[in-house]
Amino acid sequence: MSKKEEQAREYAKSRYGNNGRETGNEIAKVQACTVGYIAGWDSCLKHLATLPWNEAVNEITKHIEANRSENPDSSNEVEV
């Protein structure tokens, strides 16, 4: 399993998983979410590859700034 697939499954499980006791419906949601995540990731990379380097970096920066958490240190917090 590639790193991208692993990240997609972890995201999907965190969103739809049920502590290892997944029903058929939850498994289907995880699979659909994983496929969508990978498709979106690939589409984003293809788009960025068509841009000059500085424009691609600017788009990434704008996205991060627009979607930044209200708490700037939230990525450093430990989940309990």
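Skip the neighbours within four places in sequence, and Thr34 is in contact (heavy atoms within 4.5 Å) with Ala8, Arg9 and Ala12. Thr34 lies in helix α2, and with a relative accessible area of 9% it is buried. Here, buried means under 20% relative accessible area, exposed means over 50%, and partly exposed is in between, using a 1.4 Å probe and protein chains only.

Before going further, note that this is a predicted model: local features need pLDDT of at least 70, side-chain atom pairs count only at pLDDT 80 or more, and totals for chains, interfaces and linings use all residues. Residues are numbered from 1 along each chain as its sequence is written, and side-chain values use heavy atoms, with hydrogens and water left out.

**The overall build**

- The protein chain has three helices and zero strands; these are DSSP runs numbered from the N terminus, with helices being H or I of at least four residues and strands being E of at least two.
- Out of the 80 residues in the protein chain, 12% count as buried.
- Take the contacts between residues at least 6 apart in sequence: 38% of them join residues at least 24 apart.
- The chain exposes about 6700 Å², and carbon and sulfur atoms supply 52% of that; accessible areas come from the Shrake-Rupley method with a 1.4 Å probe, and for residues only the protein chains shown count as cover.

- Val30 lies in helix α2 and is buried, because its relative accessible area is 3%.
- Val30 and Ser14 sit 16 residues apart along the chain, and their C-alpha atoms are separated by 9.1 Å.
- Val35 is found in helix α2 too, but Val35 is exposed, with a relative accessible area of 58%.
- Val35 and Glu5 are 30 residues apart in sequence, yet 8.8 Å apart in space, C-alpha to C-alpha.

**Cysteines**

- A disulfide is a covalent bond between the sulfur atoms of two cysteines.
- The structure holds zero disulfides, going by a cut-off of cysteine sulfur atoms within 2.5 Å.
- Cys33 counts as buried at 15% relative accessibility, while Cys44 is partly exposed at 40%.

**The largest pocket**

- Rolling a probe the size of a water molecule over the atoms shows where empty space is left.
- A pocket is an open set of points on a 1 Å grid over the protein atoms alone where a 1.4 Å probe fits, with protein on both sides within 12 Å along at least five of seven lines; lining residues have an atom within 4 Å of a point.
- The largest pocket has a volume of about 260 Å³, meaning the space filled by probe spheres set on the points, which are joined across faces, edges and corners.
- Its lining is made up of Trp41, Cys44, Leu45, Leu48, Glu59, Ile60, His63 and Ile64.
- Helices α2 (24-49) and α3 (53-66) each supply at least two residues of that lining.
- By type, the lining divides into six nonpolar, one polar and one charged; Ala, Val, Leu, Ile, Met, Phe, Trp, Tyr, Cys and Pro count as nonpolar, Asp, Glu, Lys and Arg as charged, and the others, Gly among them, as polar.
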